[in-house]
Amino acid sequence: MTRIIFICFILFPIAINGKLRSCPSTDVFIWNTVQRAPLVVYGKSIGKVIYVDNDAELLFNVTFRVECILKGQDIKNRIEITDAGIKSDRIACQYLDPGNIYVVFLEKCGLNMNAYCPIDVQERLADDTTLELLEKTCRLKRNPPLDSLSNNCPSVSMPEFCHYNNISTKRKVVDYINTNDKPLFNNGTQIFHGSNKIIIKEGKLIDLIGDNPRHDKIDRSRLLQFIADSVRSLSNENNSIPISCYENNYISHGSIIPNVIPITKNLNQINRLSSSYPFVNDYSTTTKILYFRDQLSRAAFADHRIMTYNFTSENTWLTMPDGVRLSATLVIPISQRDTNENFPVLLEYKPYRKDDSFFNFNQPKIHYLAQRGFIVALVDIRGTGSSEGVLIEYEYTSQELNDCEHVIELLAGHARSNGRVGMYGLSWSAFNSLMMATLRRPPALHAVFAAHGSEDLYNNDVHYGDGILHQDEYILSVDHENALPASPDYLINEQWTKERFTRRPWIDIYLEHQLNDKFWQNHSIKYSYDNLTVPVYLLAGLYDALTTATYRYESHWPIPQQQTRRMQFKKGRKLVEQALLKSPMSTAEKENNDIDIDVLQHQPWIGFEAGSWLGMLTGDQRPFDKDCLVYDSDPTQETIEIIGFVNVSFQASTTAHLAHWFVRLEDVDASDQVSPVAVGAINGAQLQTPPAYLEPNFRYTITIRLHFTTWTFLPGHRIRVAISNAMFASAWPTPFPMNTSIYLNPSVSFIDLPVVPSISPSSIPPAFTQQQVASSDMLPQLFSASKPKVYKKHETDIATTITFEQVTYELLPNGCFISALLAWDFICSHLDPADVRWVTRARQIYVFDMHGYESIADVPLKDDDERLYPNVDLSTRRHFELVTDLVKHSDQDYFYVHLKRQFLEKNDTATCQQPMTFVFNGKHKRNCH
């Protein structure tokens with residue numbers, strides 16, 4: 001039996017669990033479906049495999065050839081549509097019969113980078129009716145797949161000719177006017193702060209306009225331009241904001257639109273999401289303008305989607321004053337209406353090889369930013385990646401910043417630039433963005449976005465975190481990749497050998513500066529805060545390596561209502577709140593030298609459970625705590641919430657000339673599992689100014705501010721403080737055998753918790769204004785892959801070894817396949833604490849002419865231990881390999897560096913050349929480390 005519903009759809013009854021279940025056909029309101037789907041594609045079903053067929057469900061996977069991308073991110077021409085068919089928790093059904101051409105509405109799903117699932121609607125057969133509807137549907141595009149050489153897209157509506165089926169042109173105004181607000185215009189028209197759904201005509205509030213739609217419309221771009229012109233005459237800058245464009249209209253970046261927008265509400269709006277209403281050619285010719293301010297304008301603008309641009313990409317040279325050329329990739333938006341439109345520039349400036357190692361990593365943010373009307377400029381630093389010149393001597397040199405000043409000047413003067421440049425980046429490019437905004441301040445630099453940046457290059461970077469020597473895979477990686485030949489030609493010649501391959505490794509330079517001297521301070525912006533005047537957006541996570549700077553910029557610490565809750569270290573490894581102590585200690589007792597002492601034996605190899613970074617997110621801390629001094633509170637009787645910096649104080653002495661102290665705040669739950677909350681450390685030599693070795697058995701008062709944290713201790717949990725002299729492999733151990741004594745002097749042995757009142761369950765949380773990036777703005781990572789990282793511990797009676805291994809793969813559009821191995825063993829002797837070795841290897845393989853693969857997962861790998869080479873015929877392909885073996889080790893007096901680089905490339909005669917080899921040895925006296 002078939003029942004026809006004449007209103008919207010046809011129902012196909014299907015028996016499921018003994019009941020008839022209806023599957024509606026395609027909704028005739030195709031606009032609704034387009035709006036709901038993150039991805040809309042046009043193409044052909046070429047294969048169908050059923051994997052579930054029972055009374056309840058019929059599910060299948062479809063191989064689908066994409067001919068055109070109508071909405072969403074650009075994808076390859078062949079995808080897998082999974083989980084299609086009849087499903088018990090869905091209303092609509094899909095059919096996707098092989099051989100037919102469809103318009104399909106999809107979303108990303110699953111772990112397979114090339115897999116998509118249908119949203120809960122039926123696909124549309126690409127018949128004449130569907131194609132006609134596409135011609136009348138706005139906000140579609142006509143992009144061929146990434147690997148297509150032709151454009152087989154159907155026609156879609158152009159912005160100036162958009163139409164919407166079954167949408168009435170009759171518009172009704174809702175909401176109210178607040179007559180207590182002061183009008184902003186004094187020309188006889190009453191303009192109020194009010195709802196964003198008010199229209200005023202001839203000085204009166206009306207509730208119905210547009211009765212004659214043929215004569216009561218105005219092109220939206222003309223209307224908004226009229227608003228802009230009106231605003232200029234007001235010269236009221238305090239109530240104006242700059243904007244660029246909204247979809248299906250054009251306003252240049254130079255225009256100033258104040259907090260103003262005329263909003264109407266369509267009578268059919270009940271069937272649409274408010275954020276997706278088209279608002280095209282749907283305005284009254286009202287000559288009176290509504291002027292809204294503050295949150296009213298934000299509410300109005302929130303009802304619009306920002307216009308997205310197509311864009312072009314070009315590689316160009318930026319010539320520095322000394323003639324050296326820096327390689328720049330410029331991604332430039334394309335205006336749909338004004339070929340002379342100018343755009344602001346967003347610059348990312350770093351040495352991480354934008355054209356190969358970081359090419360795929362960069363693509364999602366490039367697409368996201370360029371589509372929103374920004375020129376994105378990626379520039380390789382001098383002597384790195386695709387740029388010319390001698391490799392910079394080390395991180396953040398004056399040469400690097402000098403070049404950046406000139407880069408910003410050139411970008412501001414680009415023909416498509418509006419003269420305003422912003423800098424952004426993560427890690428390195430966050431660091432130099434902050435430096436440029438603070439130390440150089442070029443006139444064209446107007447804003448900075450910095451993720452995981454730092455203002456203190458000594459205490460809050462990868463080399464001497466908290467003043468203690470640190471090693472990790474970044475230090476290996478950067479000294480390795482610095483030696484690679486310049487992309488994209490990879491010329492192996494004398495110039496490359498001189499400028500990159502034989503340069504001194506940076507690890508050796510940093511060992512020359514073991515103390516916080518001018519080398520670190522010159523470009524640390526903490527000493528020049530007053531110069532930071534441009535807007536800055538900082539981003540970091542609580543358990544990221546570089547977080548302290550982000551919170552140090554906050555001007556309202558301690559936050560309002562914060563209270564300090566002091567807990568003291570007591571005999572029996574107890575942590576007792578000061579308010580709960582029975583009676584204050586007398587002065588005589590405080591001065592009595594015969595106080596309780598806890599002794600800690602130094603084991604330099606402990607600390608694996610705390611991770612390879614000081615403060616990183618880790619697991620249960622019990623294996624680490626068993627070798628530390630731990631102080632526990634009684635189970636808490638209430639919820640305790642902390643936000644901010646935890647301060648710890650204690651008295652300690654050591655039997656050696658040098659010791660480091662590490663303090664961790666922890667949460668012990670009812671099952672005794674221990675979670676890390678915050679951590680801090682201090683190099684004992686830095687208890688004095690200038691730094692100096694310790695006097696054995698002298699009692700020092702030590703204060704440590706732990707890294708910023710937020711945490712809630714639940715009732716029944718215990719608060720723990722753990723103290724140690726080592727955190728291996730995050731910190732290089734001190735070289736002396738020793739014991740440490742902790743003196744439980746109540747006047748100086750305590751922890752201060754930054755407690756805030758618990759939020760009432762009835763409290764309304766503040767509105768969260770940030771939005772998750774839409775799935776349509778996320779590019780599938782089809783061409784990057786990696787093996788799971790290895791981080792593990794091996795322990796014997798004579799040594800502890802921490803092992804790290806990481807393997808990554810990249811496939812580039814030019815057919816270049818890159819595999820990279822980073823591995824190290826960090827070995828600490830149990831017999832001699834000074835005998836520590838960091839033994840590393842980096843291996844990188846480039847294979848060219850690897851065309852025809854739809855994703856990195858399709859590239860076959862040789863079945864050997866490392867699985868780095870592709871399993872292809874290498875005799876017909878250019879390929880080369882760079883290997884770096886780096887060893888750093890110590891004894892009681894010195895640090896030693898041994899580096900060996902080898903470069904091997906096959907020549908034209910298909911025989912292997914002898915590898916080019918560079919060997920470097922360094923030796924540095926230990927200085928308070």
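These legends describe an overview and several close-up views of a predicted model.

The model is predicted, so local features are given only at pLDDT of at least 70 and side-chain atom pairs only at pLDDT 80 or more, while totals for chains, interfaces and linings use all residues. Residues are numbered from 1 along each chain as its sequence is written, and side-chain values use heavy atoms, with hydrogens and water left out.

**Figure 1. Overview of the protein.** The protein has 14 helices and 44 strands. Helices (H or I, at least four residues) and strands (E, at least two) are DSSP runs, numbered from the N terminus. Of the 929 residues, 54% are buried. Buried means under 20% relative accessible area, exposed means over 50%, and partly exposed lies in between (1.4 Å probe, protein chains only). The protein exposes about 42,000 Å², and carbon and sulfur atoms supply 51% of that area. Accessible areas come from the Shrake-Rupley method with a 1.4 Å probe; for residues, only the protein chains shown count as cover. Among contacts between residues at least 6 apart in sequence, 73% join residues at least 24 apart. Contact means heavy atoms within 4.5 Å.

**Figure 2. Strand E8 and its two partners.** E8 spans residues 115-118, and both of its faces are covered. Ala 115 and Cys 117 are buried on one side, Tyr 116 and Pro 118 on the other. In a regular strand the side chains alternate between the two faces of the sheet. Strand E6 (residues 78-86) pairs with E8 in the parallel sense over two bridges. Two strands pair if DSSP finds at least two bridges between them. Ile 81 stands opposite Tyr 116. Strand E7 (residues 101-108) pairs with E8 in the antiparallel sense, over three bridges. Here Leu 106 has Pro 118 as its bridge partner.

**Figure 3. A buried salt bridge, Lys 87 to Asp 83.** The two side chains meet at 2.7 Å, N to O. Both Lys 87 and Asp 83 are buried. A salt bridge is a side-chain nitrogen of Lys or Arg within 4 Å of a carboxyl oxygen of Asp or Glu. By this rule there are 36 salt bridges.

**Figure 4. Arg 664 and Asp 625 in a salt bridge.** The closest N and O atoms are 2.9 Å apart. Arg 664 lies in strand E30 (residues 660-668) and Asp 625 in helix H14 (residues 622-625), so the pair ties together parts that are 39 residues apart in sequence. Arg 664 is buried at 3% relative accessible area. Asp 625 is also buried, at 5%.

**Figure 5. Arg 843 and Glu 866 in a salt bridge.** The closest N and O atoms of this pair are 2.1 Å apart. Arg 843 sits in strand E41 (residues 836-847) and Glu 866 in the loop between E41 and strand E42 (879-890), so the pair ties together parts that are 23 residues apart in sequence. Arg 843 counts as buried at 17% relative accessibility. Glu 866 is partly exposed, with a relative accessible area of 28%.

**Figure 6. A salt-bridge network.** Salt bridges that share partners join Asp 625, Asp 632, Arg 664, Glu 666, Asp 672, Arg 718 and Arg 720 into one network.

**Figure 7. Asn 697 in its loop.** Asn 697 lies in the loop between strand E31 (674-683) and strand E32 (700-705). Asn 697 is exposed, with a relative accessible area of 54%. Leaving aside neighbours within four places in sequence, Asn 697 contacts Ser 653, Thr 654 and Thr 655. Asn 697 and Thr 655 are 42 residues apart in sequence, yet 5.4 Å apart in space, C-alpha to C-alpha.

**Figure 8. Helix H6.** H6 (residues 398-412) has 15 residues. From first C-alpha to last, H6 reaches 21 Å, close to the 21 Å expected at 1.5 Å a residue. The expected span is 1.5 Å times one less than the number of residues. Buried residues of H6 include Leu 401, Cys 404, Ile 408 and Leu 411.

Figure 9. The covered face of E43 (residues 894-905) includes Phe 895, Val 897 and Phe 903. The uncovered face includes Tyr 894, Tyr 896 and His 898. E42 and E43 pair in the antiparallel sense over eleven bridges. They form a hairpin with three residues between them. His 889 stands opposite Tyr 896. Ten bridges join E43 to strand E44 (residues 916-925), and these two run antiparallel. Phe 903 stands opposite Met 916.
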